[in-house]
Amino acid sequence: MDLLELIRQGEGERLEFKQRTTHPTRMARTLSSLANTHGGRVLVGVDDNGRITGVRDVEEELYQLREAARHYIDPPLEFTYREIEAGEGRVVLLVLVAESSQKPHRAQIADGDWRSYVRVRDQSVQTSQLTEKVLERQEPQSQFEQIPLNREELAVLEYLRQHPRITLAQYMKLLNIGQRRAHRTLIKLTLHGYIKHHDKQKEVYYTL
């Protein structure tokens, strides 16, 4: 796949654009979230609008990426890369991150502050301790034991295919069911790896 075709796909769960690598803490979030989800690619030298800007110093960008992967992520992770000639003297770095077998990887946000992230659409989103425990049991490219899903459980997945997230209150309203029943369903789907649980904002929510 060539560079322009890749850019046309746009940012998503497995693709991130970075004009430059800035600080290792920011790159650590991106790299670890890809490794914690399904793996993916980072194009360094491409802005958020998909415009090719190129990198000024390949070695400097690689230094920041290696710092992030080795010292700002626990456990450290590996990545591979390619330099892509983009014309007019511009170079884009294609960084490849595989789905990890050592989940969860935590990114250092500040001294002594390590947090787990996963990819949700085109964002790296902080996750919960519950989802971390699920990630610990998850093998790369595998699905948890498939369980028969009833109508109420399938409704969660269908909603999340159309929307980025769902809260307990939204799910209760969607199916007109009580809080205890709705909560039990959402936790069951989380524990079986169908959805992810996030509790770091004011209101708990769930994503695919």
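Reader: Before we start, what counts as exposed here, and what as buried?
Author: Exposed means over 50% relative accessible area, buried means under 20%, and partly exposed is in between. Keep in mind that this is a predicted model.

Reader: Fine. Where does Asn176 fall, buried or exposed?
Author: Asn176 has 71% relative accessibility. The cut-off for exposed is over 50%, so Asn176 counts as exposed.

Reader: Where does Asn176 sit?
Author: In the loop between helix H6 (168-175) and helix H7 (179-191). Its phi is positive, about 55 degrees, although Asn176 is not a glycine.

Reader: What about Arg121, which loop holds that one?
Author: The loop between strand S7 (113-120) and strand S8 (123-126). Arg121 is not a glycine either, and it has a positive phi of about 55 degrees. With 40% relative accessibility, Arg121 counts as partly exposed.

Reader: Now cis peptides. Which bond is cis around Pro75?
Author: The one joining Asp74 and Pro75, with omega about -5 degrees. Pro75 is in the loop between strand S3 (73-74) and strand S4 (80-85).

Reader: And around Pro104, what is omega for the bond from Lys103?
Author: Omega is near -5 degrees, and that bond is cis. Pro104 belongs to the loop between strand S5 (91-97) and strand S6 (106-110).

Reader: Zoom out. How many helices and strands in the protein?
Author: Seven helices and 11 strands. The radius of gyration is 19 Å, close to the 17 Å from the globule rule for 208 residues, so the protein is as compact as a globular protein of that length.

Reader: What box do the C-alpha atoms fill?
Author: Roughly 60 × 35 × 30 Å along the principal axes.

Reader: How much of the chain is buried?
Author: 48% of the 208 residues count as buried. The protein exposes about 11,400 Å², and carbon and sulfur atoms supply 44% of that area.

Reader: What share of contacts comes from residues 24 or more positions apart?
Author: 65%, among contacts with a separation of 6 or more.

Reader: Helix packing next. At what angle do H2 and H3 pack?
Author: About 65 degrees, with the axes 8 Å apart. H2 covers residues 24-36 and H3 covers residues 58-71. Their crossing is right-handed.

Reader: Which residues meet there?
Author: From H2, Pro24, Met27, Ala28 and Leu31. From H3, Gln64, Leu65, Glu67, Ala68 and Ala69. That contact divides into seven nonpolar residues, one polar and one charged.

Reader: Glu152 next. Buried or exposed?
Author: Buried, because its relative accessibility is 10% and the cut-off is under 20%. Glu152 lies in helix H5 (residues 151-162).

Reader: What does Glu152 touch?
Author: Tyr171, Leu175, Ile177, Arg181 and Thr185, leaving out residues up to four places away in sequence.

Reader: Last one, Tyr205. Which strand is it in?
Author: Strand S11 (residues 205-207). Tyr205 is buried, with a relative accessible area of 3%.

Reader: Which residues are in contact with Tyr205, leaving aside neighbours within four places in sequence?
Author: Val125, Arg165, Ile166, Thr167, Lys196, His197 and His198.

Reader: And how many Å from Tyr205 to Ile147?
Author: 22 Å, C-alpha to C-alpha. In sequence, Tyr205 and Ile147 are 58 residues apart.

Notes:
Residues numbered from 1 in each chain as written. Predicted model: local features only at pLDDT ≥ 70, side-chain atom pairs only at ≥ 80, totals over all residues. Heavy atoms only, no water. Axes fitted to C-alpha atoms, helices over the stretch in contact; angles between N-to-C directions. Helix = DSSP H or I, 4+ residues; strand = E, 2+ residues; numbered from the N terminus. Left-handed = near helix turned anticlockwise from the far one by under 90°. Contact = heavy atoms within 4.5 Å. Nonpolar A, V, L, I, M, F, W, Y, C, P; charged D, E, K, R; others polar. Rg over C-alpha atoms; globule rule 2.2 N^0.38 Å. Buried < 20%, exposed > 50% of the residue type's maximum accessible area, 1.4 Å probe, protein only. Areas by Shrake-Rupley, 256 points an atom, 1.4 Å probe, with all protein chains shown as cover.
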